[in-house]
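This report covers one structure, shown below. The headings name the topics in turn.

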Amino acid sequence: MTDEPLLSIQDVQTYFHTDDGLVRAVDGVSFDVDRGETVCVVGESGSGKSVTCETVTQLIPMPPGEIAGGEVYFDGVDMTALPDDELRELRGGRIGHVFQNPQGALNPVYTVGYQIREAIDAHHDVSKAEARQRAVDLLEAVGIPEAATRVDDYPHEFSGGMKQRVVIAMALVCEPDLLIADEPTTALDVTIEAQILDLFRDLQDEYDMGIVFVTHDLGVVAEIADTVVVMYAGKVMESGSVEDIFENPAHPYTKALLECLPGQSNLEPIPGSLPSTTDPPDGCRFHDRCEYATEECRVGEQPPLYEIGDEHQVSCIHWRDDIDELPDPAEVHDATVSLEGEL
Ligand SMILES: Nc1ncnc2c1ncn2[C@@H]1O[C@H](COP(=O)(O)OP(=O)(O)OP(=O)(O)O)[C@@H](O)[C@H]1O
Ligand code: NI
């Protein structure tokens, strides 16, 4: 055991070259995951959560993708510098990755049992009977009824939700040290979702698995996260313990997200939409939609992540201010107009 994090993502920049220009999908993202820790990554659609996950496991399609900068250390080893064969060894072995769109994860011509056994065989020296038993046990653990017979079925014989559970089983089969789970339970009903979250927790207790969990569901976050990373337009807006994020959110974007939580007063989505990914605005990327934005928020770079508490960081220049005391946005606007008049 060492003190270094299991996963350390450092200033990662992942871009896509498209006909519309350079998409800065992930633009300087950093966070760590410890052994036994669950880090939930949240943020609106298109904020770069999946691209962050795919950068970790080096599964960005290149071209059009490009990892333009940064490092990803898994257990001290820089993933961005690993040869393909070592990456393949890690993926499906010490790192499990459940993709957001797992269509391609199962091969239609082999039974699911065969595919799970293959995954075990590739990384562990176990007998065929043992591997089969492990496949059955895991299928049972993810809630597949009659797993002992279903193990011999082909992917098309499973419904969409069942297939998703098979994919989760496959990611867990080698008892990974790190599980990257990109909206793994979004398509599942709540009972099965609860069962799978329990399974993750059990495995975490059993062998200290670190988890990166991407979700839109803040209820799930509240349930499973130790740490929350809030992403917006390719940047980290805030990160902190789940308690800090829910009880003491510091970024207006985090506050806006929390207000969309079922049970909160405001069930509307946040007004406005994500800025252009090819031509992001100056200043804070959220400023267009932020009711507290002042002129300083509209210029320069995205603010750095200020340390505002124990492992609580926020990318907002107003973090020191009591937000209720910030100037009324309308007054700020008037002041700017009159200033411009003087120049
Ligand atoms: N292969 C690709 N080519 C071009 N652009 C891409 C590619 N993959 C992702 N992007 C762009 O990168 C940005 C971030 O996408 P990403 O899938 O990471 O968002 P997300 O936060 O996971 O959203 P969601 O919640 O919808 O899953 C988006 O603007 C997306 O269009
Ligand atoms: Ni995604």
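## Shell around ligand 1

Ligand 1 is surrounded by 17 residues, where a residue counts as near if its C-beta atom, placed from the backbone, lies within 6 Å. A25, S45, K49, S50 and V51 are the closest. By class the shell holds six nonpolar, ten polar and one charged residue; Ala, Val, Leu, Ile, Met, Phe, Trp, Tyr, Cys and Pro count as nonpolar, Asp, Glu, Lys and Arg as charged, and the others, Gly among them, as polar. At least two shell residues come from each of strand 1 (7-18), strand 2 (21-33) and helix 1 (49-56). Helix 1 gives the most, with three residues. Helices (H or I, at least four residues) and strands (E, at least two) are DSSP runs, numbered from the N terminus.

## Model and numbering

The model is predicted: local features need pLDDT of at least 70, side-chain atom pairs count only at pLDDT 80 or more, and totals for chains, interfaces and linings use all residues. Residues are numbered from 1 along each chain as its sequence is written, while chains are lettered from A and ligands numbered from 1 in the order in which they are written.

Axes are lines fitted to C-alpha atoms, for helices over the stretch in contact, and angles run from 0 to 180 degrees between N-to-C directions.

Strand 1 pairs with strand 2 in the antiparallel sense over ten bridges, and a hairpin joins strand 1 to strand 2 through two residues. The bridge partner of T18 in strand 2 is G21. Strand 1 also pairs with strand 4 (residues 65-74), antiparallel over eight bridges; there L7 has F74 as its bridge partner.

A second open sheet has eight strands in the order 6-7-8-3-9-10-12-11, with mixed pairing. Strand 6 (95-98) and strand 11 (306-309) are its edges, each with a single partner strand, so one side of each lacks a neighbour in the sheet. From one strand to the next the twist averages 20°.

Strand 10 (residues 235-241) and strand 12 (residues 312-314) are paired antiparallel over two bridges, with S239 opposite Q313 in strand 12. Helix 6 (residues 160-172) lies across strand 6 and strand 7 (178-182), running at about 170° to strand 6.

## Helix 3 and helix 4

The axes of helix 3 (residues 112-123) and helix 4 (residues 128-141) come within 9 Å and cross at roughly 115°. G113, I116, R117, I120 and D121 of helix 3 meet A131, R132, R134, A135 and L138 of helix 4. The residues of this contact divide into five nonpolar, one polar and four charged.

## Annotated span

UniProt, in an unreviewed entry, lists residues 7-258 as "domain: ABC transporter". UniProt positions are given in the numbering used here, feature names are shortened, and annotations may be inferred rather than shown by experiment. The end C-alpha atoms of residues 7-258 lie 27 Å apart, and the span is 38% helix and 27% strand.

How values were computed: Contact = placed C-beta atoms within 7 Å. Pairing = 2+ DSSP bridges.
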